[in-house]
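Happy to walk through this one with you. Have the sequence and the 3D view ready, and let's take it question by question.

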Amino acid sequence: MRLVQLSRHSLAFPSPEGALREPNGLLALGGDLSPSRLLMAYQRGIFPWFSPGDPILWWSPDPRAVLWPAQFHLSRSMKRFHAHSPYRVTLNHAFGEVIEGCAADRFEGTWITPEVITAYHRLHELGYAHSIEVWDKDELVGGMYGVAQGTLFCGESMFSRAVNASKTALLVFCERFTRSGGQLIDCQVLNEHTASLGAVEISRHEYLHQLSTLRMQKLPQNFWVPGTLFTPQR
């Protein structure tokens, strides 16, 4: 196993199975964040993650954290909250505001640099990256974004500026995603928050198998069309 230096003149990635064990999943460095390279990466189960000032680092961890959307863990307190939720939830209404919110709301710092924001905004404009927004009246209070791969959604980041806002984004999205044939949400690396929502770990081999199957399947043609997913009961 060795770290591979990517060329700006080739989109080729090494096999994810050759990623380092320590740090877990580090596969390659360099290249760029062009739409074609990013799409090639996601198609192979690879994603970028790096600190400001560092070279672009590419990862494919083992195990991989995933959420089967039908198994989203809805706690009793969240169920009560959602039954009287003040929030409105939309899809693809404010991608730029969501990714900037994800970048800003990090006490420990963020990897979502202006370069990353520009790169994913280009993916959004091309129809591959999507956002879910949570609104309290006309104020954006939470949301999440990620990259679509057929009936698999690669979640990138979420943020919350009000109680249960990011949980509401994921809950509403999971319900819509499941009803429309969505199969799996990639959470990349398990943490306490995603585990509490029902995320689990599977092997990289199993994730790559799921990816190869699900990315060839299709959601309804109008699934990602901007719209309202949830409206509070008055």
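## A strand residue and its surroundings

Q: In which strand does Q188 lie?
A: Keep in mind as we go that this is a predicted model. The strand that holds Q188 covers residues 184-188. That strand is β10.

Q: Is Q188 buried or exposed?
A: The relative accessible area of Q188 is 11%. Buried means under 20%, so with its 11% Q188 counts as buried.

Q: Is P114 buried or exposed?
A: P114 belongs to helix α4, which covers residues 114-125. Its relative accessibility is 65%. The cut-off for exposed is over 50%, so P114 is exposed.

Q: How many Å apart in space are P114 and A103, C-alpha to C-alpha?
A: In sequence, eleven residues separate P114 and A103. In space, their C-alpha to C-alpha distance is 9.0 Å.

Q: How many disulfides does a search of the whole structure find?
A: A disulfide needs two cysteine sulfur atoms within 2.5 Å. For C102, which is in no disulfide, the nearest cysteine sulfur is that of C187, 14 Å away. C174 is in no disulfide either, and its nearest cysteine sulfur, also that of C187, is 8.5 Å away. For the whole structure, the search gives zero.

Q: Are C102 and C174 buried or exposed?
A: C102 has a relative accessible area of 0%, and C174 has one of 1%. Buried means under 20%, so C102 is buried and C174 is likewise buried.

Q: What radius of gyration does the protein have?
A: For 234 residues, a compact globule would come out near 17 Å. The value for the protein agrees with that expectation. It is 17 Å.

Q: What percentage of the contacts between residues at least 6 apart in sequence join residues at least 24 apart?
A: The protein is built with seven helices and twelve strands, and buried residues make up 53% of its 234 residues. Of its contacts between residues at least 6 apart in sequence, the share joining residues at least 24 apart is 72%.

Key: Residues numbered from 1 in each chain as written. Predicted model: local features only at pLDDT ≥ 70, side-chain atom pairs only at ≥ 80, totals over all residues. Heavy atoms only, no water. Helix = DSSP H or I, 4+ residues; strand = E, 2+ residues; numbered from the N terminus. Rg over C-alpha atoms; globule rule 2.2 N^0.38 Å. Buried < 20%, exposed > 50% of the residue type's maximum accessible area, 1.4 Å probe, protein only. Contact = heavy atoms within 4.5 Å.
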